[in-house]
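Here is a colleague's note to read beside the model, written as numbered points. Please keep the sequence and the 3D view open while you go through them.

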Amino acid sequence: MSEEPKPRRRQARGERRISQLLQAAANVFCAKGYTAASTNAIAREASVSPGTLYQYFPNKEAIALELGDRLLAEMRAAHGQAFTPANLGLPLPQLVDAVLDPLIEFNCQNPAFLALMHGSEVPGRIAEEHDAVHAQLLAAVGELMVHYLPDSAPAQRARIADMIFAIVKAGLTLVLAAPEGAERDAVVTELKTVLLRYLAPLLADQPSTATATATATATATDQPVTTTPSP
């Protein structure tokens with residue numbers, strides 16, 4: 001059997017080294033924030049010399065840009081799992097699960113994301129792309145409101161979407177601050193309960209969501225589900 005060509009082996013080693021450096025950078029950004037992080041600290045975290053780091057990245061900004069690009073791509077993938085046409089047919093509690101769970105999982109698996117995206121001195125391109133992703137997320141929430149509140153005024157739907165977005169954003173901060181395990185799970189449950197209790201009354205008058213609303217209210221208040229048959 002012939003050996004693998006050396007250029008390909010070198011490329012694979014290079015990719016592994018880049019992944020190692022980016023993971024180290026994520027750890028340092030998470031612990032110190034982007035502004036206080038340094039290439040020396042990233043090199044130490046990766047157990048390599050600064051010279052080795054500079055073979056792959058010329059400075060901290062280049063590391064942040066590469067890490068930011070990868071994290072934003074993963075976040076877009078999480079959005080893709082959350083906002084699908086199939087989810088529109090779910091009862092409200094299941095819809096909340098389907099939308100929130102991928103987003104929560106992404107943020108819990110990538111705690112450096114918020115540190116990098118919200119740093120005071122992050123590269124402008126990262127901030128711009130992050131704002132674009134948030135705009136896409138807000139637009140997706142708005143489209144959900146069009147589906148569930150088709151007879152409401154556009155301004156009302158926009159306000160509701162803004163409120164949902166603000167609740168989830170604040171809730172994610174609390175989720176990430178909670179210790180992993182039972183306490184974090186409890187915070188996630190609280191976040192979902194807040195959304196259910198906010199959304200259930202808004203959707204109560206929508207015939208297509210009457211059953212989902214009743215289920216949502218029962219879930220949030222621990223009461224039996226009762227619905228009135230549609231005429």
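This is a predicted model: local features need pLDDT of at least 70, side-chain atom pairs count only at pLDDT 80 or more; totals for chains, interfaces and linings use all residues.

1. Residues are numbered from 1 along each chain as its sequence is written, and side-chain values use heavy atoms, with hydrogens and water left out.

2. The chain holds 10 helices and zero strands, and read from the N terminus its elements run α-α-α-α-α-α-α-α-α-α. Helices here (H or I, at least four residues) and strands (E, at least two) are DSSP runs, numbered from the N terminus.

3. Of the 231 residues of the chain, 42% count as buried, where buried means under 20% relative accessible area, exposed means over 50%, and partly exposed lies in between (1.4 Å probe, protein chains only). The accessible surface of the chain comes to about 12,700 Å², and 55% of that surface belongs to carbon and sulfur atoms; the areas come from the Shrake-Rupley method with a 1.4 Å probe, and for residues only the protein chains shown count as cover.

4. Contacts (heavy atoms within 4.5 Å) tell you about the fold as well. Among those between residues at least 6 apart in sequence, 64% join residues at least 24 apart.

5. Helix H8 has 24 residues and reaches 35 Å from its first C-alpha to its last, close to the 34 Å expected at 1.5 Å a residue; the expected span is 1.5 Å times one less than the number of residues. Its buried residues include Ile160, Ala161, Ile164, Phe165, Ile167 and Val168, and the buried residues of H8 pack against H5, H7 and H9. When you look for a pattern in such a list, recall that an α-helix has 3.6 residues a turn, so residues three or four places apart point the same way.

6. Helix H9 can be checked in a similar manner: its 22 residues should span 32 Å at 1.5 Å a residue, and its end C-alpha atoms are 31 Å apart, which agrees. Among the buried residues of H9 are Val187, Val188, Leu191, Leu195, Leu196 and Leu199, and also Arg184 and Lys192.

7. Which residues lie nearest the centre of the largest pocket? They are Leu100, Leu103, Leu137, Ile164 and Val168, out of 29 lining residues. Helices H4, H5, H6, H7, H8 and H9 each give two or more residues to this lining. The volume is about 460 Å³. A pocket is found on a 1 Å grid over the protein atoms alone, as an open set of points where a 1.4 Å probe fits, with protein on both sides within 12 Å along at least five of seven lines, and lining residues have an atom within 4 Å of a point. By class, the lining has 22 nonpolar, six polar and one charged residues.

8. The second largest pocket has a volume of about 220 Å³. Of the 14 residues that line this pocket, Gln23, Ala26, Leu67, Leu71 and Asn110 are the closest to its centre. H1 and H4 are the elements that give two or more residues to the lining, and H1 gives the most, with six. The lining divides into seven nonpolar, five polar and two charged residues.

9. Tyr56 is placed in helix H3, residues 50–56, and is partly exposed, with a relative accessible area of 31%. Leaving out residues up to four places away in sequence, Tyr56 touches Gly14, Arg17, Ile18 and Leu21. The C-alpha atoms of Tyr56 and Arg17 are separated by 8.5 Å, although the two are 39 residues apart along the chain.

10. Two loop residues deserve a careful look. Ser47 sits in the loop between H2 and H3, counts as exposed at 68% relative accessibility, and has a positive phi of about 60° although it is not a glycine.

Note on methods
Grid points are joined across faces, edges and corners, and a volume is the space filled by probe spheres set on the points. Ala, Val, Leu, Ile, Met, Phe, Trp, Tyr, Cys and Pro count as nonpolar, Asp, Glu, Lys and Arg as charged, and the others, Gly among them, as polar.
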